[in-house]
Amino acid sequence: MGSLNIENVKKSFGQVDVLKGIDLEVADGEFVVFVGPSGCGKSTLLRVIAGLEDATSGRVVIDGKDVTATPPAKRGIAMVFQTYALYPHLTVKNNMGLGLKQAGTPAAEIEKRVAEASAMLSLDPYLQRRPAELSGGQRQRVAIGRAVVREPSLFLFDEPLSNLDAALRVNTRLEIAQLHRRLKATMIYVTHDQVEAMTLADRIVVLNGGRIEQIGAPMELYNAPANEFVAGFIGSPK
Ligand code: ADP
Ligand code: MG
């Protein structure tokens with residue numbers, strides 16, 4: 001569970017064409033990284049997959065089911081944002097469990113899933129704290145935990161490490177890689193960081209101006225970039 005097909009997806013805001021026809025197939029369990037310059041449409045594409053934006057045309061298919069018109073909560077996905085988006089008045093435990101509670105999950109099941117996720121993400125000591133009492137890295141782990149407890153077949157990450165300092169970025173990146181191995185879920189991850197892309201990805205999708213320049217395994221792009229743009233982004237030796 002967790003395959004994704006994007007079929008000729010276009011998205012315009014008014015007169016501005018942001019996505020100009022995106023086609024992409026992601027296999028169940030794959031880790032796919034979107035890279036590209038600021039403004040090229042990475043977040044918009046994630047938001048269309050999540051259902052937070054409607055595509056202007058084209059289809060989004062998850063596990064063989066056309067979800068183009070399905071509301072976000074019914075797509076079986078969870079999204080992790082750069083800015084964490086935690087509730088300041090709720091404890092870590094309640095931040096992690098809130099989505100399940102709203103979905104009507106029984107309390108005992110919420111308890112179990114929060115315990116599992118907090119163990120996985122080393123959050124046990126912080127469960128009774130509020131977000132203001134946590135470091136940036138801990139907050140981002142809570143945001144990831146909140147996604148994990150929902151047991152989605154598809155995770156979407158939008159530059160989840162960009163507000164963290166260098167050392168924490170490395171740790172959190174390794175945790176995300178470990179999570180991918182443990183959960184075997186499909187993950188789609190946006191970054192503008194070349195090291196993140198090269199180390200996390202099964203395949204990298206290079207976006208530019210609302211189009212895909214190239215798709216391939218990290219070493220494929222590195223050794224055989226399709227054009228100057230990809231070469232510049234993935235950083236083959238000049
Ligand atoms: P990226 O994540 O690659 O930096 P975005 O997907 O956020 O790029 O944005 C791509 C383009 O779409 C930008 O030019 C941005 O200004 C525009 N855009 C994004 N969201 C909206 C919106 N809600 N209304 C109008 N323009 C938008
Ligand atoms: Mg963005």
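With 18 C-beta neighbours inside 10 Å, leucine 134 counts as partly exposed, a class that lies between buried (20 or more other C-beta atoms within 10 Å of the residue's own) and exposed (12 or fewer), with C-beta atoms placed from the backbone. The structure is a predicted model, in which local features need pLDDT of at least 70 and side-chain atom pairs count only at pLDDT 80 or more, whereas totals for chains, interfaces and linings use all residues. Residues are numbered from 1 along each chain as its sequence is written, and chains are lettered from A and ligands numbered from 1 in the order in which they are written.

Leucine 134 is placed in the loop between helix 3 and helix 4; helices (H or I, at least four residues) and strands (E, at least two) are DSSP runs, numbered from the N terminus. Not counting residues up to four places away in sequence, leucine 134 touches Tyr126, Arg129 and Arg139, where contact requires that the C-beta atoms of two residues, placed from the backbone, lie within 7 Å. Leucine 134 and arginine 113 are separated by 21 residues in sequence and by 21 Å in space, C-alpha to C-alpha.

Helix 5 comprises 18 residues (166–183) and reaches 26 Å from its first C-alpha to its last, close to the 26 Å expected at 1.5 Å a residue, the expected span being 1.5 Å times one less than the number of residues. Within helix 5, Thr172, Arg173, Ile176 and Leu179 are buried. They cover an arc of only 120° around the axis, which puts them on the same side of helix 5; the arc is that of the directions from the helix axis to the C-beta atoms. On the other side of helix 5, Ala167, Leu174, Gln178, Arg181 and Arg182 are exposed. The cover over the buried residues of helix 5 includes helix 3 (107–120), helix 4 (136–148) and helix 6 (194–200). Just after helix 5, lysine 184 adopts a positive phi of about 55°.

An open sheet is formed by four strands in the order 2-1-4-5, with antiparallel pairing. Strand 2 (16–26) and strand 5 (65–66) stand at the edges, each with a single partner strand, so one side of each is left without a neighbour in the sheet; pairing requires that DSSP find at least two bridges between two strands. Strand 1 and strand 2 run antiparallel and are joined by eight bridges, with asparagine 5 opposite glutamate 25 in strand 2. The hairpin of these strands has two residues between them, and glycine 14 takes a positive phi near 60°. Strand 1 (residues 4–13) also pairs in the antiparallel sense with strand 4 (residues 57–62), over five bridges, and leucine 4 stands opposite isoleucine 62 in strand 4.

Elsewhere, strand 3 (residues 31–35) pairs in the parallel sense with strand 9 (residues 203–208) over four bridges, and arginine 203 in strand 9 is the bridge partner of valine 32. Strand 9 pairs in the antiparallel sense with strand 10 (residues 211–216) over five bridges, with valine 205 opposite isoleucine 215 in strand 10. Strand 9 and strand 10 form a hairpin with two residues between them, and glycine 209 in the turn has a positive phi of about 55°.

Ligand 1 is surrounded by Phe13, Val18, Gly36, Ser38, Gly39, Cys40, Gly41, Lys42, Ser43 and Thr44. The largest share of this shell, three residues, comes from helix 1 (residues 42–50).

Note on methods: A residue is near a molecule or strand if its C-beta atom, placed from the backbone, lies within 6 Å of it.
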